[in-house]
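Trainee: Could we go through this one together, slowly? I have it open and would like to know where to begin.

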Amino acid sequence: MNAHKNRQRGNEAQPEALALNYGSRTDVGRVREQNEDSLLVREPLFVVADGMGGHEAGEVASELAVNTMDALSATIIDGATLKNAIIQSNRAIINAARTGVGRPGMGTTMTTAYVTGTTLFVGQVGDSRAYLLHGGILQQITHDHSLMAELIEAGQITEEEARVHPNRSIITRALGNDPATEPDIFELTVEAGDRLLLCSDGLSGLVEDDELLRILQQSPDPQRTADLLVAAANANGGHDNITAIVVDVAKMQPLSWRKRNHSLHASILAFVIVLVLLCGVAVGGIYLYARNSAYLIAENGTVQVYRGLVGSMAGISLSWYVEDSGVNVAQLAQSTEERLATGIQCDSLEAAQNTVDDYRTQIDDNQKLTAEASARTESAQSTSTAAASAQAAASASAAAASAQAQADSAQAAAASTNG
Ligand code: MN
């Protein structure tokens, strides 16, 4: 005991991180009709209680005991608080019997273990037991509060004689009888590789220590071990209820391969989810942006209006046809026509439609200018025609005048000739 207590004292400043793996089993056995044993597995608190009192009262007592420990589990941080919880369990049973729950005189054993860091506290009332398997050696931590234990200690009987003694089930301390009852408290240091066993006398009374040791070393799995222990007690007669809790003290692996893989998978999954969400947000953003944008492009000789973005993004086209503006591309300025061939991006559909309106105005203006220009040309042409006719008329009248003059002079010549 002291050897355990003194082990690893140097590590107290920074206790080794230890993990607990455990398994448990309780069984009615092969003779009894009721299982009056109760157990509690609430890491890092473990309790075995072996009830007594008959007519279901033992079951009530052991259940009350473990339920009280369960309720107080959060208050347990060391040996003193563990002791207090056991004392409270004792009072709970006594009070229950007084108020008609169960039966007067009902009682229970309690063997409880609480592990904190590398320290193991064991609380003990009665003849259930705690064992520690360390380095291949099985050590009984608790001392039975029983008539047999007292007789063996006094040297009056041997262990072998105690196993078959008619008074072997008489216990000298139990919860439920005396409000002043106090548990024994043991404090040990544990380390990785240690295996703790809590059991009722239905196991320890039927399976001798060397067989316990052999079974405890048989399987690395604590649940399998608890099952094997109960099976051994039943194989040896099973004349009492059998309860076993097996707790393995293991190195806390910061990240075992399996856990690392799990956390790696979790990280990858989280990354993918974030990526998908970001992509979703990005695509959503681009979609909204595209949906609100518009562009103009020359198709089939006219200006077409689209919502969306010119061209495609990563092979994905984001455009929705709106309308054919009917604006003839050929009527637009050369530079505009060239830009429309590949598309002109606009901030909004409204902006695109305004641009189309501008095109129409430009075309109208151009047509007006053209019309005016041609009108000017025509009027200039007609003016010159009039001038030409005036000239012609003038020359004609001049010719006529000259002809007349010639006629007049001819007449005058004729007259002079005749005269
Ligand atoms: Mn028992």
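Predicted model: local features only at pLDDT ≥ 70, side-chain atom pairs only at ≥ 80, totals over all residues.

Trainee: Which residue is the bridge partner of Leu-133 in β8?

Mentor: In β8 the partner of Leu-133 is Leu-138. The hairpin formed by β7 and β8 has two residues between the strands, and in this hairpin Gly-135 takes a positive phi near 55 degrees.

Trainee: What joins β7 to β10?

Mentor: Five bridges join β7 to β10, and these two strands run antiparallel; within that pairing, Tyr-131 has Leu-197 of β10 as its bridge partner.

Trainee: How many residues of β7 are buried?

Mentor: Six of its six residues are buried, so β7 counts as mostly covered. Arg-129, Tyr-131 and Leu-133 point one way from the strand, while Ala-130, Leu-132 and His-134 point the other way, and all are buried.

Trainee: What is the strand order in the whole sheet?

Mentor: The order is β1-β11-β10-β7-β8, an open sheet of five strands with antiparallel pairing. β1 (18-27) and β8 (137-140) stand at the edges with a single partner strand each, so one side of each is left without a neighbour in the sheet. From one strand to the next, the twist averages 20 degrees.

Trainee: Which helix touches β7, β8 and β10?

Mentor: That is helix α7 (residues 209-216), which packs on the sheet and whose direction makes about 55 degrees with that of β7. Helix α8 (residues 222-235), in turn, lies across β1, β10 and β11, and runs at about 30 degrees to β1.

Trainee: Changing topic, how many residues does α3 have, and how far does it reach?

Mentor: Helix α3 (residues 79-98) has 20 residues and reaches 29 Å from its first C-alpha to its last, which is close to the 28 Å expected at 1.5 Å a residue. At the start of α3, a side-chain oxygen of Asp-78 comes to within 3.3 Å of the backbone nitrogen of Ala-80, and the helix is followed by Gly-100, whose phi is positive, near 90 degrees.

Trainee: What covers the buried residues of α3?

Mentor: The cover includes β3 (45-52), α2 (57-72) and β5 (110-116), along with β4, β6 and β9. Among the buried residues of α3 are Leu-82, Ile-86, Asn-90 and Ile-93.

Trainee: Which residues touch the most other members of the largest nonpolar core?

Mentor: Leu-45, Met-69 and Leu-82 do, in a core of 22 residues. The elements giving two or more residues to this core are β3, α2, α3, β5 and β6, and α3 gives the most, with six residues. Apart from this core lies another, of 20 residues, among them Leu-206, Val-230, Ala-232 and Val-246.

Trainee: Last topic: where is the cis peptide bond?

Mentor: It joins Glu-43 and Pro-44, with omega about 5 degrees, and Pro-44 is found in the loop between β2 (37-42) and β3.

Note on methods:
Residues numbered from 1 in each chain as written. Heavy atoms only, no water. Helix = DSSP H or I, 4+ residues; strand = E, 2+ residues; numbered from the N terminus. Expected span 1.5 Å × (residues − 1). Buried < 20%, exposed > 50% of the residue type's maximum accessible area, 1.4 Å probe, protein only. Contact = heavy atoms within 4.5 Å. Polar contact = N/O pair within 3.5 Å; in protein donor to acceptor, adjacent residues only side chain to side chain. Pairing = 2+ DSSP bridges. Axes fitted to C-alpha atoms, helices over the stretch in contact; angles between N-to-C directions. Core = buried A, V, L, I, M, F, W, Y, C linked by side-chain atoms within 4.5 Å.
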